[in-house]
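Subject: Structure for you to look at

Hello,

Here is the structure I promised to pass on. Please open it first, then read my notes below.

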Amino acid sequence: MGRRLATAVHVQHPTSREWIVLEPGDEPDDDLAAEITNPDAWEDDEPSSGPEEPEPDEPKEDEPKLFGFTAPPEPEAETTPEAEPTVPAPRRRRKATDADE
């Protein structure tokens, strides 16, 4: 029994050089299977017999889910940081006018 595809793939036939679309669930011949180099295109060989462990990326049931963030937020500092001193804007030179003469 050959391996099954998990996703649709586009493969160029090794002898005729035609492009072939293989659908999920197809079991291609050995010559076509050799052309499929992406390991994610194949279904898992052995089905999982036990309960699945959550992936490291997934939060556990008791952890809060973070939406759109890859790391948990840092705790806020207990004291507020001191404000940095602001530098005053440089003074502008006055233009000489006819009245100054």
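A salt bridge is a side-chain nitrogen of Lys or Arg within 4 Å of a carboxyl oxygen of Asp or Glu. Keep that cut-off in mind for what follows. One caution before we start: this is a predicted model.

**The salt bridge**

A search of the whole structure finds one salt bridge. Glu-27 forms it with Arg-4. Their closest N and O atoms are 3.3 Å apart, and the cut-off is 4 Å, so the pair counts. Where do the two partners lie? Glu-27 sits in the loop between strand 2 and helix 1 (30-33), and Arg-4 is in the segment before strand 1. The pair therefore ties together parts that are 23 residues apart in sequence. Both ends are partly exposed: Glu-27 has a relative accessible area of 36%, and Arg-4 has 37%. In general, side chains of opposite charge can pair when their charged atoms come close.

**The overall layout**

Along the sequence, the pattern reads β-β-α. The chain has 101 residues, and 10% of them are buried. It exposes about 10,500 Å². Carbon and sulfur atoms supply 49% of that area. Now take the contacts with a separation of 6 or more: 32% of them join residues 24 or more positions apart.

**The core**

Which residues make up the largest nonpolar core? There are eight: Leu-5, Val-9, Val-11, Leu-22, Leu-32, Ile-36, Ala-41 and Trp-42. In soluble globular proteins, nonpolar side chains tend to be buried together. Look at Ala-41 as an example. Leaving aside neighbours within four places in sequence, Ala-41 is in contact with Leu-5, Ala-6, Thr-7, Val-9 and Ile-36.

**The loop between the strands**

Two residues deserve a look here. His-13 is in the loop between strand 1 (9-12) and strand 2 (19-22). Is His-13 buried or exposed? It is buried, with a relative accessible area of 17%. Beyond its neighbours within four places in sequence, His-13 is in contact with Glu-18, Ile-20, Asp-31 and Leu-32.

Arg-17 is also in the loop between strand 1 and strand 2. Arg-17 is partly exposed, at 48% relative accessible area. Check its backbone too: Arg-17 has a positive phi of about 65 degrees, although it is not a glycine. Most residues other than glycine have a negative phi.

Best wishes

Notes:
Residues numbered from 1 in each chain as written. Predicted model: local features only at pLDDT ≥ 70, side-chain atom pairs only at ≥ 80, totals over all residues. Heavy atoms only, no water. Helix = DSSP H or I, 4+ residues; strand = E, 2+ residues; numbered from the N terminus. Buried < 20%, exposed > 50% of the residue type's maximum accessible area, 1.4 Å probe, protein only. Contact = heavy atoms within 4.5 Å. Core = buried A, V, L, I, M, F, W, Y, C linked by side-chain atoms within 4.5 Å. Areas by Shrake-Rupley, 256 points an atom, 1.4 Å probe, with all protein chains shown as cover.
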